[in-house]
Amino acid sequence: MFVQMVAQSPEIFLLMGLPIMFLLNKYRKNKTSKTFYSVSKIMLLFSILSGIIFYNRSGYAEYVQNNTYTTLYKIFVQIFGLGIFFLSCKWFLNKNRSSLQYYAYGTGLIVSLMILISSVHFLVLSGAYFISSLLIYYLMRLSSEDYEYEMGNRRYFVFMFMFSLMILLSGLWFYHKIGSWEYAKIAAYYAKHAWNRADIMAFAGILLPLLYMLGIAPLHFNRIEQSGLSILPVGMINQILPVIGAYAVILNLLINVFSTASSIYVPFLRILSIVSLFWGAISATKEDNLRRLFGYCCLYSVGFIMLGLLPFNNNGITSSFVYLIAYLLTIFGVYSVFFAFKSNGEYVSSLQDISGIFSQKPYVSVLLTAFIVSFAGSPPMLGFLGKLQSVENMIREQDYWSIGLAMLALLLLLNAFFRVIRVMFFEIRTKNFDRTDRGIYFCLFLNMIFFLVGVLNPALFIEQFETLLQPIMR
Amino acid sequence: MLNTFSILSLIIVIPFLGMLFTLFAKEAEDGSTRNACSVAVFAVIANIIMILRIFMLIEVYQPGIQLVETYNWMKNPDINIVFGVDVLSLMLLLAIHIAFIIGFIGVRNNMEHQKSLMVWSLLFLSMITGFFVSADIFSFYIFFEATLLPLFMILGMFGDIKRREYINRFLLYNMLGAVIFFVATLLLFNYQHGMLELQQLGNMKLNDKMEYFIWAAIFISLLSRIPVWPFHYWISSVNSSIRHPMVFLISMILPLTGIYGFVRFLPKSLPSIMSNYIFILQIIGIVTMLFIALIGLINKDRQYKIFSYITVYYIMYLLGILTRNEVILLNIAFSFFSYLIIVASLEVFSHYISREQSQQGIMDDGILCACPKISIIYAFMTLAAVGLPLSSLFLNNFLILSDLLAVNIKMGIIMLLSLVIVSSSLLRELFRLRDIEKCGVEMHQVEDINKGIFIFMLFICFILLMSFVKPLWFVLGA
Amino acid sequence: MINSILILAICGSFGSILIPKRGNRMIGMLSFLITAAVFFILSKNYLSGTDQIHAFSWLKYMSLQVDIDLSANARSYNRVFPVYVLSLLSMLIANFNPEENKKQRFCSLVMLNICAITGAVCAVNLLQLLICSCLITVLGFCTIDDMDARKKYAFYNLLSDLSLFSVCSLAYGYIGSLEFSALPKFDKLGAHRDLVAVLLAFSVCLKLGLFMFHNQLYDLSVLNFNRLSYVLFCSAPFAGLIILYKFYPLMSVSDYAEPLLKIMTILTLLCGIYTTLVIDNIKEKAIGFAQILTGIGLMNLLFFSAKFETVEQLILFGGYLFVLNLFFVYHASSHEMKVSQMGGFISGTKFGFGIITVSLFALVHYILITQASAPYVISIISAGILILISSHIFRQIFFGTSHADERIMALLKNPTWYMLISLIVIGGLLGYPEYQKYQNELLVGFLLFILFLFFYPLRRLEQAYANEKIQESDVFESIFDFLIITPLTILGRILWLLVDFILIERTLINSISKTTAFLINNVTKLNVYSGVRYFMYVILSVALIFLIAVLRGK
C-alpha cells in the first residue's frame, strides 16, 4: 500500500495541497492570492520532483502506468501549470479577488490531466476526462457572470457532459465486447480481429471527446468561445493544459491501442487538421478580440501539430512534439504578454485597445512580435523549428498536397499576425498603460531564454526528448 | 560546436548587439535620440573593420567559399549551419555597410521614430550579413526570410495613409516567395538525403519531375525579391509612397538577396528544364527593363527615377548572372560595390533636397545652385551612376555588357537602350536641380551639408574613384 | 610625356578644387606658364627625335588586362601639339579677356583636358580611349558654363560614349582583345558587323556634331568666344576625330557605315555653309564655319585618304583662326552678336580688317596645302567656298550699311595684343609651310575676294537675317522631339497605366484580395456561438469518420 502510495506521490502531493489551501483559507487572516499560489507552487515542485524520481513506477499498474513518455507530458503539465499559477497570482493581486477556488480547481485539473495521461484503463480515462472537463467548467464559472458568458458556460457543460458520456459508453462497449477496460487487452484483441461498424462507432466515441479537448476543428467551438470571455488566468489554463493532456492521450491511444484502425483515423485526422489550419487562419484574420484571435492561431497550430504527426511514424512523433513545444512556449509567451496589457487596472483584450502600445511598452510589443513570428514559423524563432520538422516529415511521406495547403493557410494567417503588429506599432496610442510587473518580465525573459536555447541548440529538444518518447516510438 | 569568436559569426553578431544596445540606449533630455544613432553608426563601422579584416584573411583570387565555419545544428534531420565567404559576398557586404552609414547620415536629423529605425535597421543589417555569409541552404533560407520582419516594421513605421495597401503587397510577394523557398529548400534537402552546401548546388543532379518543381519554386521565390515584372510592383509601390532614405535603401537592398540567390543556386551547367525558365525570364527581364526605364523617364518623381535606375541595373545583373559566366559574376560583384554606394548617396541627397524643398516651401528647380557642397556630391554620383569612368561601375559594366552582347545581341541592345533612358532621366534631373536660371532660391536659404559630412562624402567619392583606378585596392596584397 | 601629364593633371586638379577669393588671374597665368613650360619641354623632346616608351600595366585580372600607354613618339607629338597650341592661346586669352570670370577654373580645366586628350591620342587599347573620351566629355561639360548648353552637350555626348561603349564591348566580346592592333580581326571573328560599324559611325557623328546632331554645337553660342572656340576644337569634337581615326578598321567591316559617314560629312559641310551665310548670330556663324572645316577635313580623310595629322591641323588651326577673326569683330563691336547690326566697321578698324584679310589668306593657303591628296578641282572649290563665305560675312561687317548704333561705332577697337599674338601664331603656322607653292591661286583668290567685296553676289541672303523663322528654327530638335521623345513619353504613360495599374493593381492584386475577402467572410460566418451548430459539428465529425470507414470497406 505504502509503496503504491509512494509511486503515486506526484498526484498525492498535489491533492494534499487542496486541504492545505482550504485550511489556510479558513484559519489564516492575512491571506492573499500569493498564499494559495505558494501552496500550489510548493506542491507542484514536490510533485515534479517525485514525478522525476518515480518516472517509471506505477502504484496501480492496471489503471495508471508511468513511463518516460507519460512522465514527460505530466511534467509539462506541471511546469506550465506552475508558470500559469505564477502569472495568475499577479492577476488576482491586481484584482484583489479571492484565488482559492482558482488554485484549487487548477491544481485539481493538473491532477486529473496527469491521471488522464498515465491512464491505461478506459474507466480511469473516462473518469479523469470527466473530472478535468468539470474542473475546466468550474474554472470558467469564475469569470464574468453576464448572460452571454453564462450561456457559453452552459453550452460547454452540455457538450462536456455529452463527450464524457461518449467516452464512458465507448469504454463500456469495448468492455462488453472484449471483457476488459484495459488498453493492452483491447489492443491485443484488435490485433487479431477486424473492426466492425459498432467498433468504429465506439472508437469515434473515444477519439472525438479527446479531439474536443485538444481543440481541433470543428470541435474547437467551446475553446474559442470561452477564450474571449473568460478571465485571463482561466483563458491561459484552458489554452495550454488540456492541449498537453489531450495530445499525450491521443498519441498514446492511437499508437498503442488503436493502431489497427489507422486506415480510418489517419485520413480523418488529415481532414480535420486541414480544416483547422484554414479555419484558424481565416477566422483569425477578422477577429478583433485578441484572446480569440490567438485562440484561432492555436487552432491553426493544433492543425499543424496533427498534420505533422499523421503518418504516426517516429519522425512524425518527433516533429509534432517539437511543434507542440514551440506552440506551448509561444502561447505561454503570448498570454504572459496579455498580463502586461493593463490599462487603468483593467486587462485589455480588444485589438483596438492596444493601438500604438509600442510607444509606451516597446519591450513587451517587441516580445509579442517575437512570439508572433514564432507562431508564423518564421526563422529564427522556435516556431520555425516546429514548422521545419513537420514539413520535412511531410516531404518524406511525399504528402505534397498537405504541404501546399498548410503553406497556403500560413499565408492567410500572416494577414492576422501583421494586423496585430500593425496595430501595435504603427497606429496612434489611445490608452495609457499601467506599469508592468517585474514578474511578467521575468516570465517573458525566461521564455525567451528557452526560445534562444531551443533555436541555437535544437538538439536539446529533439535528441534528448526523443529518448523519452521511446514508449510510443515504433 | 561553433567557435564563439569565429569571425564570420562575429560580423552577424556585432550589428545584432548594436541593435540591443540601441534598444536600451537612453534618450537625451530634449528627446533627441543621438545616442541610438551613434551606437548604430559605431556598430556598422565596427563591422566594416571586421569585414576589411576578413578581406585580408581570404585569398582574393581563389575561387569558392573560404573561412568556412560549420555548426551541427540538428542531428535528425542532419542539418549543418555553414558560414563562409568569397569575394562576391564580401564585396556586397562591404558595400551594404557603407550604404548603411550613408543612410544613417541621411536620417541623422530626422527624429521621427529614429530609435526604432536604428533598431530595425541594425536587425536588418545583422540578418542580411547572415544571408551573405551563409554557405548552406538552411542558413541561406533562414536569413532570406529573417530579413523580411525588420523591413516590414520599417515600412509600417514610415508609411503614409496608403501603407496598408503596399504593406499587403509587400507581404503578398515576399511571404509567398519565402514560403515557396522554404518548401524548395526542404525538397532539395530531402532529395539529396542530407546537408547541402551552396557550393554543392552547382553540381546537383535531380530527376526530371523534381527538377521541374524545384527550379520553378526557386525561380519564383528569388524573383519575388527582384523588381522583375510583375514582382516589381511592391517595390515600386513602396518607393512611390515612402519618403525616407533608410526605408528606400533597405527596400532597395532586398532585391540583392534575390540576385545573390541566383548566383548561388544556378548550377554551372544548366539543365534543359532550366533553359526554358531562363528564356522566359530573359524576355520578362528585358521587357521590364525597358518598361521601368520608360516610366522613370516620364515620371516627375525623383525617387521613382532612382528606382527605375536601380531596377534596370538589377535586371541587367540578373541577366548577367543567368549566363553563368565566371567573369561576369566577379564583375557583377565589383559593380555592385559601386552601385550600392552610388544609389545610397543619390537617395540620401535626393531626400535631403526634397526635405529642404518642402521645409522652405520652394521649388526644387536649381536648388543645387544654393547648396554647392551637395551639388558637387550629387553631380559626382549622378555622373558615376550614368556610367562615366568615376567608379568600378564603368569597367565592370563594360565586361558584363561585352559578354551579354556577345551572348544575345537583341537582348543587349534593348538593355543598352534602357541604360540610355535611365541615364538620361538621371541627367535630366541633375540639370533641373542645377538650373541656375530657374533657381528661385537664394544662397543661404537652403541649408547645405556641414563640413564633416562633406568631407566624409568626398571620401566616399574617393573610394568610388579608387574602385575604378584600382579595384580591390583596400585588400592588402591583392 | 608621362611626366608632363602628371604635372598638368596635378596642377589642373588643384586649380579646379581651389576656390581662392583673390588671385584668380594669377593662378590662371601660373597655369598658362606651367602648360607653356610643359609644351616647351615636349617640343625639345620632339626635336631631339627620341621616342620614349611609357607603358604600364593598369589591370592584370584574368578577365581584363589593360595597359596604359603614354609613349611619346613623333606621331603622338604631332597630334598633341595643335591641342597644346590652342590650349595655350585659349588660356592666354582667358586670362586677359574681361568676359572670362573664372579664369583659374578655365585654365585648370584646359590643363586637365590636355591630359585626357594626350591619353586618347596615345591610346593603344579600346578602354584607354573610351575612358579618355568620357573624361573629355566631362571636362567639356565643366568648361561649358551654361546650363542649357550643357544639357544638349551632355545628352549627345553621353549617347556617343554609350555607343562607343557598346562598340568596345562588342568588339572585346568577339575578339577577346582590347588592343587597337587586334581590331582588324573583328572582320573575321566578329558578328553583327553592320550594327557595330553603324553604332561607331553614330558615335562619331554625335561627338563631331555632324549633320542632324549639330544642335549641341549651336547651343554653345551662349558661351563666351574663347570658351566656345576651345570647346569647338579641343573638346568632344576633337575626341570624335580621334575615335574615328583609331576605330577606322571597324568602320570598314560594314558596307553601310562609311557611306553613311560620307553622306553626313557632305551634309555637314552644306549645313555649315548654310549657317555661315544665313544665320545672323556671329557665334553661330563661327560654329557653322567649324562645321565647314570639319566637313572639308572629313571629306579629305574619307574620300581622299588624307593624313590624320593634316586633317586635324586643318580643322583645329583653320577653324580656330576663323573663329578668332569673328571674335575680334565681336570684341571690336563691344560684343554685338548680330552681323545685321554691324556694318561700316572699316572706318573704325582698318588695321583689324587688314589682319583679317591676311589671316584669311593664310587659311586659304593652308586649305590648298592640306588638300594635296584630293583632286585639284576639289581644293579649288574648297578655297572658293571659303573666299565666298568670308567675303559675304566681312563685306557686311566692314563695308555694309551700318546698322550699329553710334556708341558701338564710336567705341570700335582694333585687336587687342593677346588676339594679335593668337592670330599671328596661328596665321604663321598656317601660312608658313610651302608658302610659295600656290602663289597663283592665292593671287586669283585675292582678286576674287576684292571682287566679291564690291559686287557681293550673295547679297540676297542678307534678307534672311531679318527672317525670324529662319533665325530661330530648330528643325532637328523638333524632329527628335516628335520622333523619339514624344513616342517614348506616350509609350511610358501607356505602359504605366496598362501594365502597372490595370493589369497588376486592378486585376492581379484585386482578384487576390477579393478571393481572400470572400474566404474570410464565408468562414467567419461559421463562427456563430450556438449549441445547435456545435451539435451539428459533432454530428458532422461522426459522419465523416463513418464515411471514411465505409469508403475503406469497414
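This is a predicted model: local features need pLDDT of at least 70, side-chain atom pairs count only at pLDDT 80 or more; totals for chains, interfaces and linings use all residues.
## Ground rules

Local features here need pLDDT of at least 70, and side-chain atom pairs count only at pLDDT 80 or more, while totals for chains, interfaces and linings use all residues. Residues are numbered from 1 along each chain as its sequence is written, and chains are lettered from A, with ligands numbered from 1, in the order in which they are written.

## Chain A overall

Chain A has 19 helices and 2 strands. Both kinds of element are DSSP runs numbered from the N terminus: helices are H or I with at least four residues, strands are E with at least two. Its radius of gyration is 21 Å, close to the 23 Å that the globule rule gives for 474 residues, so chain A is as compact as a globular protein of that length. The radius is taken over C-alpha atoms, and the rule is 2.2 Å times the number of residues to the power 0.38. On its principal axes, the C-alpha trace of chain A spans about 65 × 60 × 45 Å.

Of the 474 residues in chain A, 59% count as buried. Buried means 20 or more other C-beta atoms within 10 Å of the residue's own, with C-beta atoms placed from the backbone; exposed means 12 or fewer, and partly exposed is in between. Among the chain A contacts with a separation of 6 or more, 79% come from residues 24 or more positions apart. A contact needs the two C-beta atoms, placed from the backbone, to lie within 7 Å.

## Two domains in chain A

Chain A splits into domain 1 (1-257) and domain 2 (284-474), with bounds from an automatic or database domain assignment. Their centres, taken over C-alpha atoms, are 23 Å apart. The contact uses 33 residues of domain 1 of chain A and 31 of domain 2 of chain A.

On the domain 1 side, helix H4 (68-95), H10 and helix H11 (232-257) of chain A each give two or more residues. H11(A) gives the most, with 13 residues. By class, that side of domain 1 of chain A has 19 nonpolar, 12 polar and 2 charged residues. For these classes, Ala, Val, Leu, Ile, Met, Phe, Trp, Tyr, Cys and Pro are nonpolar, Asp, Glu, Lys and Arg are charged, and the others, Gly among them, are polar.

## Where chain C meets its neighbours

Between chains B and C, 35 residues of chain B are in contact with 36 of chain C. Helices H7 (163-191), H12 (272-298), H14 (326-360), H16 (392-407) and H17 (409-433) of chain B each supply at least two residues to the chain B side. H17(B) gives the most there, 8 residues. The chain B side divides into 26 nonpolar, 4 polar and 5 charged residues.

Over at chain A, 24 residues are in contact with 21 residues of chain C. The largest share of the chain A side, 10 residues, comes from H12(A). That side holds 16 nonpolar, 4 polar and 4 charged residues.

## A helix in chain C

Helix H8 (residues 193-208) of chain C has 16 residues and reaches 22 Å from first C-alpha to last, close to the 22 Å expected at 1.5 Å a residue. The expected span is 1.5 Å times one less than the number of residues. H8(C) is mostly covered, with 13 of its 16 residues buried. Just after H8(C), C:Gly209 takes a positive phi of about 70°.
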